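Hi,

Here is the structure I promised to pass on. Have a look at it first, and then read my notes below.

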Amino acid sequence: MKEDNCLHAALICLGMLYYSHAITTEKLNHTRPSLHGHHEKGKEGQILHRSKRGWVWNQFFVIEEYTGPDPVLVGRLHSDIDSGDGNIKYILSGEGAGIIFVIDDKSGNIHATKTLDREERAQYTLTAQAVDRNTNRPLEPPSEFIVKVQDINDNPPEFLHENYHANVPERSNVGTSVIQVTASDADDPTYGNSAKLVYSILEGQPYFSVEAQTGIIRTALPNMDREAKEEYHVVIQAKDMGGHMGGLSGTTKVTITLTDVNDNPPKFPQSVYQMSVSEAAVPGEEVGRVKAKDPDIGENGLVAYSIIDGDGVDMFEITTDYETQEGVVKLKKVLDFETKKSYSLKVEAANVHIDPKFISNGPFKDTVTVKITVEDADEPPVFLKPSYIFEVQENAASGTVVGKVHAKDPDAANSAIRYSIDRHTDLERYFTINADDGNIKTIKALDREEIAWHNISVFAVEVHKQHQEAKVPVAIKVVDVNDNAPRFAAAYEAFVCENARSNQQFITISADDKDDSANGPRFIFSLPPEIIHNPNFTLRDNRDNTASVLVRREGFSRQKQDLYLLPIVISDGGLPPMSSTNTLTIRVCGCDSNGSLLSCNAEAYILNAGLSTGALIAILACIVILLVIVVLFVTLKRQKKEPLIVFEEEDVRENIITYDDEGGGEEDTEAFDIATLQNPDGINGFIPRKDIKPEYQYMPRPGLRPAPNSVDVDDFINTRIQEADNDPTAPPYDSIQIYGYEGRGSVAGSLSSLESATTDSDLDYDYLQNWGPRFKKLADLYGSKDTFDDDS
């Protein structure tokens, strides 16, 4: 603070000296004439009038940031007409007048009442005027003047950013531009050195330097290595006053990062890698990894691996894992410990991207030796062939050798092998195998026509290691033997016209054979030797596995013979050949003159020959009339015997004795309406047909098991008994004996004989068979309608 106060005092003194010098200059050069004037003689006697200006001022200055105890004197205004008697009054107006700047209206002294800041405002424009104190009449015209705020160095330099970040490639040449930093100073750049800045580096030597006038940072050392140090922190200072003592300063931090270039080749950390792999490994399985270290980063550190030499080039391969930058050694082919136990590879690691500027640092690759040991594995047996195909003739005797399979243990122990057939592939057990030598034999005869190929699987298992097994497919072809005779290809039935001509062909036949084509066609057709000279028909072999049947003679008669059976012998081309005799059925038919078939019915032919069409129609009409008469007679008889509906006026009453249990006696006897008993549904006004099965069911009596679709006759009878007992107006009925049950606990259950077997009813009572054991007796009595008719 003391230093700042001293500085301000010195600046004020300088300002006052400057102000005094300006006043003196104005007095000498700029004065205003008085009201009386002043006359001077010009050249050649001419009188010249020189006007004097009335103000003794030019331009005022005030130092900013003045902090003295009294208001600072800016300057003084004075008019020539001011005699000092106080009659003149000075007035100040304009920017800051009365607030910042005040004037003594008598003396004209101007003072600044507040501290001024040039960075806020550099100058003020004011207007001064002299007036009569008593009348306020202007004595002089108003004039403007400027008060300039004199700058002092009160603002330090400031950088645009507090922190800068920059990148520069490693190993850049000395003087490579990195970044430019810029600072600004709020002081007046046109006055003194307050805003003249000079840059310097405070931290970051000796790696970087800065240009004093521009602020450009440059590299100062050659071959800076990113792998040694990647980031640098530099502090830059900006100082005003041209960098001289007493100037103000500001600083900023610059973080400089060295970017990577491919200046380092990859290097393997060791010269030999040892790996091992089991012989049981499958192709594509990973064996091991190698890694060459490259301190570069990004694409500059990318490394590609390859196998360039070694005896395992064909057995192994290497790929690059770009995430880990490792070389992955993988198996390419199946290994065999017994054949070769170790391999050697020469692996190269090379940079993918190479910078030509640093090619002299190369070569950008490295090599390493990889030794791979093959480990012995307990392998399953191996068949000598991947599959087997055998042949065996059909109908071969049981025990016939089909073929032999062979497997061995690939391990050094060479264990014994046992063989077996997978029975899931030989469910019918056609074959067996010798467990020791692998010979496959038949168990039963084979039929090619049933199964032409047998596909089985054979297991090979080590004797001492049951878990080690192998499986091989075996296809067995059943070779055909000519054991099937040829037959007609279809069930032929031929037709020949009565008016057929001699040597006329009327059918072509063919044959088929279940045997293989070698034992089948060609087919030979012929007639048996005993009928080789058949008088009616002959056979012609077409030599294309077909034969034509021809008529030998003219004219056939259905009256004499309407059916012929022609035996035909068919032989195949097998060795030895087989033949069969097939019978061709030939019917004689009537045809028109064009040979079109009309009829092959012999009976119709006979009728047509003996009777005319009118006679046949008359016979058929008589038959129809007789049938109609019979139907009418039967219908009238049924209506006469019994109507389908039971009417009350035709009720029939019989004596039915009811025994509640076996040996109930006559004390249980009551009389009932037999018609109502036969038709219990009639009590509700519904008169059922006797030829319709009852449709209503009633709840069974407790303790009893009613027959299906039946009416509980016991409950019905009890109800009728109660109604009869309580109805004094009921007419006397015939005595009805009801057999409600055939004794308590009887297997037969209840028994009811509502109608005797001698009734004339034609109703169908077969439904009684479905009513259960209670109605068994009724079913036996009424179940057969024919019996009733015979009895009547």
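What follows is a short tour of what turned up.

First, some ground rules: this is a predicted model, so I'd keep in mind that local features need pLDDT of at least 70, side-chain atom pairs count only at pLDDT 80 or more, and totals for chains, interfaces and linings use all residues. Residues are numbered from 1 along each chain as its sequence is written, and side-chain values use heavy atoms, with hydrogens and water left out.

Let's start with the largest nonpolar core, which has 26 residues. By nonpolar core I mean a set of buried Ala, Val, Leu, Ile, Met, Phe, Trp, Tyr and Cys residues joined through side-chain atoms within 4.5 Å. Buried is under 20% relative accessible area, exposed is over 50%, and partly exposed is in between (1.4 Å probe, protein chains only). The members touching the most others are V496, F506, F525, L566, I568, L584 and I586. Strands 36 (493-497), 37 (505-512), 39 (537-541), 40 (546-551), 41 (563-571) and 42 (579-591) each give two or more residues to this core. Strands here are DSSP runs (E, at least two residues), as are helices (H or I, at least four), numbered from the N terminus. Apart from that core lies another of 25 residues, including I318, V329, L335 and I372.

Take F525: beyond its neighbours within four places in sequence, its contacts (heavy atoms within 4.5 Å) include I509, L539, A547 and I568.

N582 sits in strand 42 and counts as buried, because its relative accessibility is 8%. Its side chain makes a polar contact with that of S580, at 3.2 Å. That term means a pair of N or O atoms within 3.5 Å; within protein, one must be able to donate a hydrogen and the other to accept it, and residues adjacent in sequence count only if both atoms are side-chain atoms.

There's also an open sheet of four strands, in the order 35-37-40-39, with antiparallel pairing. Strand 35 (487-488) and strand 39 are at the edges with a single partner strand each, so one side of each has no neighbour in the sheet. Two strands pair if DSSP finds at least two bridges between them, and two bridges join strand 35 to strand 37. R487 stands opposite D512 in strand 37.

Last stop, helix 5 (residues 713-726): D714, F716 and I717 are buried, whereas Q722 and N726, on the other side, are exposed.

Enjoy exploring!
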